[in-house]
Structures are given as structure tokens and as C-alpha cells.
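Visitor: Could you take me through one part of this model in detail? I'd like to hear about the charged side chains that pair up.

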Amino acid sequence: MKIRRHRPLFALLFAILCVSTGRADTIDPNKPIGESLKPSLLYFDFDEESEGSIASKGEMPLSASIEPGKVDTYPSFVPGRNEAFGKAMAFNYGVLPPFTEPNDMMAGNHLDIPDKPELRLAGESFTVGAWVQMPEDADLDLSGVRHKMLLGKGGFSNAYPGWGFQVSYESNHWSLTLLLVGPNGDRMRADAPIPEGLSPGVWHHVAASFDAVKQEVTLWVDGVRTVSRKVDGDLGESTFPLVIGERGLSTYCNIPITMDDVFITSGVHDFKPVEQ
């Protein structure tokens, strides 16, 4: 007598479990993001160089203005991690202090992505990530505290609701941070060390997730889970643009960073370790 295996029922139960925990598919950083993350809410692989704008891919095609050659305020296209990864985008200093023009404080290299309700993420689980590298020719002053916002939506200096994903350097140590601001301006954060730091010319994959059900933030470096911690509060809704790179610039946020395969997607994802 043959034994019937109820695989469809098992698959259904597994799917229900994934939804209830906010857990989604595993992302493989070793593959281009278009192959690894399907479906995705939004991602930039920077592979298609254009003259006036750069377009996102995934479920939400959006574009950001860019003016090639205007390196004081706009990022620039550079070679990617390898041939499979095509091009990347360099987010350098922009205008450095002392500031002489009224808009100089907003002149950090960045891309502004128009606000969409699907990107506000209040009350939702989400995952963000990117490949990052410090340029080999970077001339850095790493005295004191330095940080660089990689991706974010909100006004953190004024405690407006939203979130931000950044790298920081302090006392000879590099760290990764996901910042969350609630509806009433309450700030929450989770930090994780970047064990090998960010060395010029070396690519690292960094990612973060927020589980809205468990109220838990998880951080990954090179596909390895480094920190999971509870946060006390909910994410507030932000109508600000989604910003890639550092929109404001001061003495303390002037780390030049090259980024590739930048993404934001719904749900909480795991990651496969990076193959060195």
C-alpha cells in the first residue's frame, strides 16, 4: 500500500508560517540583485548609465535626476564589483566645510526618489541592503566620529518619523546602524560591528530588517547575521523622499562610499553568506 504524502497541505502550512512571522525568502548577495530578489519592491543596480536620470527596477519603477559631471552634488557611475555586477555608483563628498552658499549643507552626493505610499512602510516589515565599498583613492580624515547614510526616508536630525540605514566610524571601529523614528518622534536603533571594517577597494554586503510583528531589528554583514535586538515602538509614516546617499553634509558625515545593488523590499529576509 502506498502512503500518500500531503505535500500541498505542508506547503500551505509553511506559507502561513512565513506570513505570520514576517519571514520571506533568502537573498543571495553573491548574485546580482535582479536574480536574487524576486519579487522586490525597489532596487537599483546602476547598470544602465543615462544622461538625465537613473531608474529603479522591481515592482516600483521610479527615477531620480542625475547630472553627469556635476560631482559637487550628484553621484557618478563607476565600475561595479565585477563583470556580473556591471556598474556601481560613487557617492563622494559633495561640498565640504566651510560652507559658503545657503544650500551647501544639502550638497552631499545623493539620489532623491519621489515619495510613494508603498514606500512609507509604517506598520510593515521590511528589509534593506546594498554592496558598499570605500574608493581606493579615498583620502580620509577619520578623526572623531564619521557616518554615512546609505539609504533612508525621514528627517532624523529633527526626529521626523521614518528610518535610516548607515555606516559609522568611531575610535578605530566601523559599525552598521538601522535608525527608526516612531509617529511621535521616538527614536529607536540597532547597531552592529563591521568586523573587518571598511577598507579602501574592498566590497562588503550590508543589510538590515525590521520585523513589525516582533518589533525586532536584525543586521547582517557579508550575509552573516550579527545582531538581532528588540525595539520598543512602531515605525512612523514618512512622506519624505527616499534618499540614497547622504543628503545633508557636515564635518561628521563625509565618508565617500561606492554602492551597488541597493534594494528595499517587503518582509523579513535571511541572507546567504558572501563567497570570498
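Guide: Happy to. This is a predicted model, so to speak of local features we need pLDDT of at least 70, side-chain atom pairs count only at pLDDT 80 or more, and totals for chains, interfaces and linings use all residues. Residues are numbered from 1 along each chain as its sequence is written, and side-chain values use heavy atoms, with hydrogens and water left out.

Side chains of opposite charge can pair when their charged atoms come close. The structure holds six salt bridges (a side-chain nitrogen of Lys or Arg within 4 Å of a carboxyl oxygen of Asp or Glu).

Take Lys 57 and Asp 45, whose side chains meet at 2.9 Å, N to O. Lys 57 sits in the loop between strands S2 (53–55) and S3 (63–65), and Asp 45 in the loop between S1 (42–44) and S2, so the pair ties together parts twelve residues apart in sequence. Strands here are DSSP runs (E, at least two residues), numbered from the N terminus. Asp 45 is buried at 11% relative accessible area, while Lys 57 is partly exposed at 23%; buried means under 20%, exposed over 50%, and partly exposed in between (1.4 Å probe, protein chains only).

Next, Arg 120 and Glu 237 form a salt bridge, with their closest N and O atoms 4.0 Å apart. Arg 120 lies in the loop between S6 (110–113) and S7, and Glu 237 in the loop between S14 (224–230) and S15 (242–245), so this pair joins parts 117 residues apart in sequence. Glu 237 is partly exposed, at 49%.

Notes. Helix = DSSP H or I, 4+ residues; strand = E, 2+ residues; numbered from the N terminus.
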